[in-house]
Amino acid sequence: MDGLFRQHNGWLMKWLGRQRWTVVPPEDLASDVFLALLQMPGAGSVREPRAMMTAIARRLIFDARRRNDLQRAYEAELALMPEALEISAEERLIVVQALRAIDAMLARLSTKARTAFLMSQIDGLPYAEIAAELKVSVSMVRKYVAQGLRAALCADAGIGTAAARETRFS
């Protein structure tokens, strides 16, 4: 892995520096890319390491932009609140961290599982209505909602994405 870093770090830094759509400094992204590579089994034997690094970097950039957009939307809504409801910087940080955790948990779910989970938990819709909306069976809606609840419990317990991935349904 040391050779992979030495051979490709300069190239990766230049590539990241050319990406204008990122909200994270290239140095931070490069270290996150190599950290992700370290955690991958068999990363040292990848045939096209630059393609792999590019794919990882794009995913990291996308995630960072999504988190940044979420924080901006929250701050915009917060700015619209009357002064009497204004919260402290510490409370704001707690809310932003909670929103990021919820966003990350929801991002791990398939589109249908995420939609079913939100329709059930936020909108309070019965499973039959959700099934009709998603054009799936009621038993599939039960599985989707269970998947969402499991992902929420894993996120609350601090269990990593591998455990959440094991619970994913199509």
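Predicted model: local features only at pLDDT ≥ 70, side-chain atom pairs only at ≥ 80, totals over all residues.
The secondary structure first. The chain has eight helices and zero strands, so from the N terminus on the order simply reads α-α-α-α-α-α-α-α. There are 170 residues, and 29% of them are buried. The accessible surface comes to about 10900 Å², with 56% of that belonging to carbon and sulfur atoms.

The largest nonpolar core has 16 residues. Those with the most contacts inside this core are M105, L109, I130, V136, V141 and Y144. Which elements give two or more residues to this core? They are helix 4, residues 89-107, helix 5, residues 111-121, helix 6, and helix 7, residues 138-157. Helix 7 gives the most, with five residues.

Helix 6 covers residues 127-134, and its buried residues are I130, A131 and L134. Why do these three lie on the same side of the helix? Because the arc they cover around the axis is only 100°. I130 was already named as one of the residues with the most contacts inside the largest core. On the face of helix 6 turned away from the buried side, the exposed residues are A128, A132 and E133. After the helix comes K135, which has a positive phi, near 60°.

T54 sits in helix 3, which spans residues 49-79. Is T54 buried or exposed? The relative accessible area of T54 is 10%, and the cut-off for buried is under 20%, so T54 counts as buried. What lies 2.7 Å from a polar atom of the T54 side chain? That is the backbone oxygen of R50. If we leave aside neighbours within four places in sequence, T54 is in contact with W11 and W15.

Helix 6 has buried residues I130, A131 and L134, and T54 in helix 3 is in contact with W11 and W15.

Note on methods:
Residues numbered from 1 in each chain as written. Heavy atoms only, no water. Helix = DSSP H or I, 4+ residues; strand = E, 2+ residues; numbered from the N terminus. Buried < 20%, exposed > 50% of the residue type's maximum accessible area, 1.4 Å probe, protein only. Areas by Shrake-Rupley, 256 points an atom, 1.4 Å probe, with all protein chains shown as cover. Arc of directions from axis to C-beta. Polar contact = N/O pair within 3.5 Å; in protein donor to acceptor, adjacent residues only side chain to side chain. Contact = heavy atoms within 4.5 Å. Core = buried A, V, L, I, M, F, W, Y, C linked by side-chain atoms within 4.5 Å.
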